[in-house]
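Please read it with the sequence and the model side by side.

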Amino acid sequence: MSSRRRTFEAAALALFFLGVAILTVFGFAMRDWMPPAASRHAAGMDGMIEYLLYTTGAIFVIGHLVLIAFIWRFGRGRRADNPETKPRTERLWSIAPVVIMALVSEVGVLVIGLPVWDEIYGDFPEDALVVDVAARQFEWIIRYAGSDGEFGRTDPEQIDGASNPTGLDAGDPRAADDVVVRNVLRLPVNRPIYLRLRSHDVLHSFSVAAFRVKQDIVPGIVGSTQFVPTRVGTFEIGCAELCGLAHYRMRGRVIVMSEDEYDQWQLDQGGAE
Amino acid sequence: MSRLTLAGTIPLDVPQGAGRGAPLPPSGRGLYPMFLMAVLATVTMLFAAFTAALLIRRSGSDWIAIELPAIAWVNGGVIVVSSALLELARRALRSGAASVAPLWLGLAAALGLLFLAGQIVAWRALMAEGVFLPSSPHAAFFYMLSAVHGAHVLGGLGALGWTLRSALRGAYTATMHRGLSHAAVYWHFVGALWIYLLILMRIA
Amino acid sequence: MTGHAPLPFWRRYIFSTDHKIIGLQYILTAAFMAIVAVGLSVLIRLQMAWPQTLWPALERILPRAYEGGVLLPEFYISMVTMHGTIMVFFVISLALVSGIGNFIIPLHVGARDMAYPFLNMLSYWTIVPACLIMLASFFVEGGAAAGGWTSYPPLSALPGALPGSGLGQTLWLLGMALFIASFTMGSLNFLTTILNLRTRGMSLMRMPLTTWTMFVSSVLGILAFPPLTAAAIMLLFDRHGGTSFFLPGGLVVGGQVLPFDGGTPLLFQHLFWFLGHPEVYVLVLPALGIAFDVVATFGRRPVFGYRTTVWSLLVVAVLSMIVWGHHMFTSGMNPYVGEYFSIVTVAITLPFAVIGLNLIASLWRAELRLTTAMLFAIGIISAVGTGGLGGLYLGTAASDIYFHDSVFVVGHFHFMIGVVTSFGIFAALYFWFPKMFGRHMSETLGKVHFWLTIGPVFAAFIAMHYLGLGGALRRVYDPTVYEYIRPLQQMNVWITYALIVAVVAQLVFFVNLVYGMLWGRRAEENPWQGATLEWTTPSPAPHLNWAEPPTVFRGPYQYRVNGTAEGYTPQHVPDRMDQSAAEALRGPPAEPTLAGGPE
């Protein structure tokens with residue numbers, strides 16, 4: 001191969017990786033990709049992601065710059081010096097990536113990630129509003145405890161898609177005032193929310209991107225997730241776990257309203273909380 | 001050193017596929033033990049996974065323990081005796097009584113068949129009591145584990161049949177009967193596996 | 001191949017026991033399956049880019065999938081499921097591990113064939129029905145399996161919940177069972193061959209890194225696949241035996257309360273991922289091994305940090321078995337357990353960083369020959385870095401909550417087990433093609449193939465990271481359903497355009513493959529001046545490889561060292577001053593003893 005051709009090919013490869021490094025970073029910085037945060041723990045989680053974007057971004061760029069430099073320096077057919085390295089040198093060099101990655105990754109998990117993890121999975125506050133969310137193919141059945149503040153029993157045998165989608169037990173007096181709504185979750189702002197998650201049929205996953213919430217719903221297990229909405233507005237509930245042919249249509253809404261509006265709505269539904 | 005020297009000993013012009021099967025490539029000491037160990041490792045992982053599944057599933061609310069059929073324990077005895085017979089075959093070979101070995105071997109294989117038949121009797125006994133697959137998770141585990149274990153016994157029987165054939169042909173000598181030794185290790189393993197499964201299912 | 005009548009065609013090329021023929025059979029089978037899986041991916045991408053468009057042309061080809069020109073959602077998730085399953089198990093595993101591994105391991109360690117050639121043939125002929133069963137499942141009632149490549153129950157267990165969970169899912173399970181049986185046989189063969197059939201002087205620490213990675217893959221295969229077998233058996237019992245291993249009580253499907261009770265779907269997830277995660281390394285590590293071999297040969301220098309690489313591989317292997325839970329951070333597992341999985345998962349980046357550094361440092365003071373194989377190998381370096389760093393977002397439990405089941409995950413694993421592994425296959429094919437067929441592929445076509453592939457796949461899969469960061473969920477038939485994702489829809493269009501270019505580029509590769517086999521430039525014994533043992537046998541390598549396998553005197557990468565700054569010293573050439581030592585090592589002519597008993 002002629003030396004001009006070699007130089008051209010090395011340059012092409014180096015330029016390509018330069019493009020990868022620059023465009024990738026530019027792509028991340030181009031816009032605010034994430035939907036604006038709307039819950040209290042979202043700040044911590046966004047901080048976690050930001051930390052990773054900066055650290056891994058730096059490693060990504062430095063790694064590619066080294067790669068580019070080596071391709072350019074050693075890829076044009078020039079004589080290179082004796083490449084031999086002593087095993088000791090190689091061992092010493094392997095310390096650097098281990099230390100760097102240990103710092104980057106474990107600091108991320110333990111120092112920054114752990115408090116966020118604790119906020120999501122720690123004990124939930126006493127005054128939290130408990131709402132029952134039942135997932136079924138392909139809708140979300142939202143249930144509030146009603147005026148007695150207690151959820152009635154449910155019974156799979158009594159489920160009727162049209163009139164009783166979550167199977168409220170007609171024989172249980174506590175069930176009489178339960179408020180059942182399809183696909184619209186109304187919540188008061190700035191109040192801790194504790195969702196009881198149940199599934200009638202297959203795996204689903206309750207996810208609200210703006211809240212940075214995602215929790216699988218496993219049939220047979222009453223799961224839970226907790227968060228504090230911090231912004232009034234309407235957000236989308238998505239199902240994040242493949243649940244059947246209309247998985248993509250299993251969409252709900254969260255309407256976060258002021259405390260007063262929420263109380264008024266509860267009253268309209270037939271009873272204050 | 002034999003591992004290294006054997007590689008060059010087969011002339012290049014050994015026709016591929018001549019005789020039965022393919023020509024064995026040069027193989028050295030440690031080849032079969034390594035293969036055997038790897039097989040045992042993979043089978044061990046399989047039953048380790050089943051064990052984990054059983055322990056997790058046992059905590060389910062609907063776990064109803066069933067009475068294991070008595071014949072399952074008898075089968076445990078059968079397979080232990082079969083293993084002992086296999087050891088007798090090996091001892092006979094080692095002490096130079098090569099002609100007796102096929103007898104012990106044949107008996108061991110026959111007991112293996114008896115074991116499988118016994119397992120089917122055990123299933124029938126359970127079914128006669130009205131215990132079917134869906135009756136209880138415990139029953140489901142019993143049927144499933146005995147079936148999967150039975151498949152491994154079947155493989156072991158194949159190996160025993162092969163060694164029996166070799167023994168009948170007089171291919172084994174006091175010092176050369178590695179095939180039998182390895183079949184025996186596998187056979188002891190599946191035997192012990194059944195005892196383990198019995199105990200596991202008894203305490204579950 | 002002299003001294004005896006040639007074998008009939010069917011024994012030489014169909015029911016062959018020659019490891020090289022079997023390797024090629026695997027690769028060709030994988031190529032065929034790849035055409036199916038890539039075809040599915042094109043249909044998936046069309047749907048992603050233009051979800052509400054009618055496709056009357058496609059209706060004519062696939063009338064059942066495109067009723068009235070509209071893609072049926074159930075067929076969409078069938079395609080997603082089967083694309084994943086076929087790619088992971090029937091393309092990458094087959095071509096990279098079973099195919100390349102079969103071809104190269106005996107040549108690398110100086111063995112004349114695999115330890116068990118008959119078992120090897122059996123392993124290949126077990127995979128053929130597995131492929132046929134997988135393909136047949138598209139044509140049965142209800143269509144192919146549609147529960148995702150992970151086949152999580154209850155969805156995969158209840159035909160009432162999903163059409164594809166009928167006969168299609170049963171066939172999926174049978175196909176997987178055959179695949180596991182075949183792959184286990186193959187792994188057993190690899191392991192024994194590498195440990196016991198190495199030629200004189202070939203110590204473990206003199207093995208080329210491709211073979212080292214195949215060794216690690218085999219061990220992982222042997223230990224990690226059985227739990228998936230157990231899960232598949234239990235799922236079959238749940239589906240057809242009425243048991244409830246994975247199915248809890250109170251399930252209501254189609255208005256009916258199902259008679260199951262007490263099982264837990266999470267058990268399946270644990271068993272699945274106990275295999276699923278090591279499987280990723282089964283696929284990725286051999287690609288890295290190939291990258292090392294190619295970089296050393298075309299960089300004309302020894303691999304930087306051979307020993308630290310080997311130790312890192314072993315650490316990766318051990319860690320890969322204890323981190324499976326990071327696929328289940330959002331499943332509601334105990335938060336302490338989740339935190340454990342997070343800590344060990346991100347620890348995998350440590351040995352991986354060493355491997356990555358060694359790969360890059362192997363270019364330092366090199367004299368790079370930018371052949372097609374080398375270009376793909378350098379592509380692997382960049383791709384494994386990109387994919388690996390993306391993994392940190394998913395391995396860190398606190399950020400995984402956001403990224404779990406998003407398109408970010410799709411971008412991440414397409415980098416790791418899409419780009420890295422397929423580049424591994426390409427690098428290996430361009431590199432060893434002369435040894436396979438005695439001819440060269442065209443370098444010009446090869447470079448066209450490389451450039452048309454790397455640009456689009458990097459663009460597309462990096463863009464998927466952005467989409468995931470935007471919160472787009474995966475396995476969604478119509479991405480514009482969610483309002484907050486709608487502004488990003490144009491990205492999906494670009495990704496589709498890019499990937500169509502990449503798919504078309506593979507036509508160049510197929511043309512090159514056929515051209516090379518039939519009309520390629522003749523290759524000599526050692527066209528790349530390689531130092532490893534495969535280059536000491538004629539091209540193409542004859543049956544049984546060597547009359548007398550060479551003796552090995554040194555490590556695999558002695559390029560421009562020890563005063564041979566101009567050239568290189570192949571593994572089988574003794575040092576002049578070691579001549580007498582070599583004689584001593586060779587010893588008296590060996591007794592022709594067939595190993596073992598008469599079995």
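Of the 204 residues of chain B, 42% count as buried, a residue being buried if 20 or more other C-beta atoms lie within 10 Å of its own, exposed if 12 or fewer, and partly exposed in between, with C-beta atoms placed from the backbone. This is a predicted model, in which local features need pLDDT of at least 70, side-chain atom pairs count only at pLDDT 80 or more, and totals for chains, interfaces and linings use all residues. Residues are numbered from 1 along each chain as its sequence is written, while chains are lettered from A and ligands numbered from 1 in the order in which they are written.

**Chain B**
- Chain B has 6 helices and 0 strands; helices (H or I, at least four residues) and strands (E, at least two) are DSSP runs, numbered from the N terminus.
- The order of its elements from the N terminus on is α-α-α-α-α-α.
- Among the contacts in chain B with a separation of 6 or more, 77% are between residues 24 or more positions apart; two residues are in contact if their C-beta atoms, placed from the backbone, lie within 7 Å.

**Where chain A touches chain C**
- On chain A, 83 residues are in contact with 84 residues of chain C.
- Helix 1 (3–30), helix 2 (42–74), helix 3 (87–121), strand 7 (213–217) and strand 9 (233–239) of chain A each give two or more residues to this side of chain A.
- Helix 3 of chain A gives the most, with 19 residues.
- The residues on this side of chain A are 46 nonpolar, 22 polar and 15 charged; Ala, Val, Leu, Ile, Met, Phe, Trp, Tyr, Cys and Pro count as nonpolar, Asp, Glu, Lys and Arg as charged, and the others, Gly among them, as polar.

**Open sheet of chain A**
- Chain A holds an open sheet of 5 strands in the order 3-2-1-5-8, with mixed pairing; two strands pair if DSSP finds at least two bridges between them.
- Strand 3 (179–182) and strand 8 (223–227) of chain A are at the edges with a single partner strand each, so one side of each lacks a neighbour in the sheet.
- Strand 2 (residues 139–144) of chain A pairs with strand 3 of chain A in the antiparallel sense over 4 bridges, and A:Arg143 stands opposite A:Val180 in strand 3.

**Strand 6 of chain A**
- In strand 6 (residues 204–208) of chain A, 5 of the 5 residues are buried, so the strand is largely enclosed by the rest of the structure.
- One side carries A:His204, A:Phe206 and A:Val208, and the other A:Ser205 and A:Ser207.
- Strand 6 pairs with strand 7 of chain A in the antiparallel sense over 5 bridges, with A:His204 opposite A:Ile217.
- The hairpin of these two strands has 4 residues between them, and A:Arg212 takes a positive phi near 55° there.
- Strand 6 and strand 9 of chain A run antiparallel and are joined by 2 bridges, with A:Ser207 opposite A:Gly238.

- The buried residues of helix 5 (residues 117–136) of chain C, including C:Tyr124 and C:Ile127, pack against helix 2 (19–49), helix 4 (73–109) and helix 6 (167–196) of chain C.
- The largest nonpolar core has 334 residues, and those with the most contacts inside it are C:Val91, C:Ala291, C:Ile380 and C:Ala427; such a core is a set of buried Ala, Val, Leu, Ile, Met, Phe, Trp, Tyr and Cys residues joined through C-beta atoms within 7 Å.
- Helix 4 of chain C gives the most to this core, with 23 residues.

Notes. Expected span 1.5 Å × (residues − 1).
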